[in-house]
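Please look over the sequence and the structure shown here. A short report follows, arranged by topic.

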Amino acid sequence: MEKIEELQKMIDESSKIVFFGGAGVSTESGIPDFRSVDGLYNQKYDYPPETILSHTFYMRKKGDFYKFYREKILLEGSSLEPQPNSAHLKLAELEAAGKLTAVVTQNIDGLHQMAGSRTVYELHGTIMKNYCETCHKFFNLDYVKNNKDERGVPCCDECGGDIKPDVVLYEEGLDGATLDGAIRAISEADMLIIGGTSLVVYPAAGLIDYYRGNKLVLINKSTTSADSRANLVINDSIGKVFSQIQVKKP
Ligand code: CNA
């Protein structure tokens, strides 16, 4: 059987699908990932991206952090307005049809919600939410894009405090409630589709160990450490794969 047919059959036979994804889900929307050849880790900066995106670096060099964050994560200065691709849209459709219970993502770009997904566990937070470090007032992405002091740091309009994105930096812990929700969804899933992630960032990558079923599918351009455990491995672009899937109501 063709791999797409096999995937379609597994989806047709499932009613509690969980999708676990990473940066590769959004590359077809124009957002670079970290570890592909044209990803952020293969470009040269004054510091490695892991260092810039760490808590220590953020606290010590907020201006340098925001310079990288604005250019490479928020894509400021580029004409690109990232939009959901076929993968985001098909996952939202599967949820609306009552076949998918949750999306668990390492992405921070908010594209799953933009596509219409409702139950999304954002393990690493989101660029859409930002808060004042001093008075904890929340700000949206537009505010961060349009407000910056001489360092490039956005400041609170109430108290003048520095604003921090609600994303989980290296050295920071994951939100407990988000983690619990993700674990529950994965452990109750009858099918787990893993896509667009190199599965090297922990503790996120360890969550797939909570899946106990026999429909584990991996969709990734390159091989991953979980390939040998999967019931089906598709080495292709995730948007291309999902665009061929039909959503049938249970
Ligand atoms: P990663 O380590 O960059 O891995 C991405 C994986 O996806 C690689 O194995 C690629 O081969 C694969 N890939 C790339 N494009 C496609 C595609 N179109 N179809 C199928 N596979 C593809 O990213 P991870 O998510 O595994 O690493 C976790 C980090 C990356 C998290 O902390 C994220 O916050 C962070 N990140 C997020 C975004 C985003 O929100 N869009 C962008 C860049 C990095």
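## A residue in strand β2

Is A102 buried or exposed? A102 is buried, with a relative accessible area of 0%; buried means under 20% relative accessible area, exposed over 50%, and partly exposed in between, with a 1.4 Å probe and protein chains only. A102 lies in strand β2. Helices (H or I, at least four residues) and strands (E, at least two) are DSSP runs, numbered from the N terminus.

V18 is 84 residues from A102 in sequence, yet the two are 5.1 Å apart in space, C-alpha to C-alpha. Leaving aside residues up to four places away in sequence, A102 touches I17, V18, F19, T119, Y121 and A185. Contact here means heavy atoms within 4.5 Å.

## Basis of the model

This is a predicted model, in which local features need pLDDT of at least 70 and side-chain atom pairs count only at pLDDT 80 or more, while totals for chains, interfaces and linings use all residues. Residues are numbered from 1 along each chain as its sequence is written, and side-chain values use heavy atoms, with hydrogens and water left out.

## The largest nonpolar core

The largest nonpolar core has 25 residues, and F20, V104 and L192 have the most contacts inside it. At least two residues of this core come from each of β1 (17-21), β2 (100-105), α8 (176-188), β7 (191-195) and β8 (216-219). Helix α8 gives the largest share, 4 residues. A nonpolar core is a set of buried Ala, Val, Leu, Ile, Met, Phe, Trp, Tyr and Cys residues joined through side-chain atoms within 4.5 Å. In soluble globular proteins, nonpolar side chains tend to be buried together.

The buried residues of α4 include F65, Y66, F68 and Y69. Among the elements that cover the buried residues of this helix are α2 (49-52), α3 (55-60), β4 (125-132), α7 (141-146) and β6 (163-167).

Helix α4 (residues 62-73) also supplies the largest share of the lining of the second largest pocket, 5 residues. The whole lining is Y45, D46, Y47, I52, F57, D64, K67, F68, E71 and K72. It divides into 5 nonpolar, no polar and 5 charged residues.

A pocket is found on a 1 Å grid over the protein atoms alone: it is an open set of points where a 1.4 Å probe fits, with protein on both sides within 12 Å along at least five of seven lines, and lining residues have an atom within 4 Å of a point.

## Cysteines

A search of the whole structure finds 0 disulfides, a disulfide being a pair of cysteine sulfur atoms within 2.5 Å. C156 is in no disulfide, and the nearest cysteine sulfur, that of C135, is 3.7 Å away. C156 counts as buried at 5% relative accessibility. C159 is in no disulfide either, and the nearest cysteine sulfur to it, that of C132, is 3.5 Å away. C159 is partly exposed, with a relative accessible area of 39%.

## Backbone exceptions

Most residues other than glycine have a negative phi, and most peptide bonds are trans. L75, in the loop between α4 and α5 (86-96), has a positive phi near 55 degrees. H136, found in the loop between β4 and β5 (138-139), has a positive phi of about 70 degrees. The peptide bond from Y202 to P203 is cis, with omega near 5 degrees, and P203 is found in the loop between β7 and β8.

How values were computed: Nonpolar A, V, L, I, M, F, W, Y, C, P; charged D, E, K, R; others polar.
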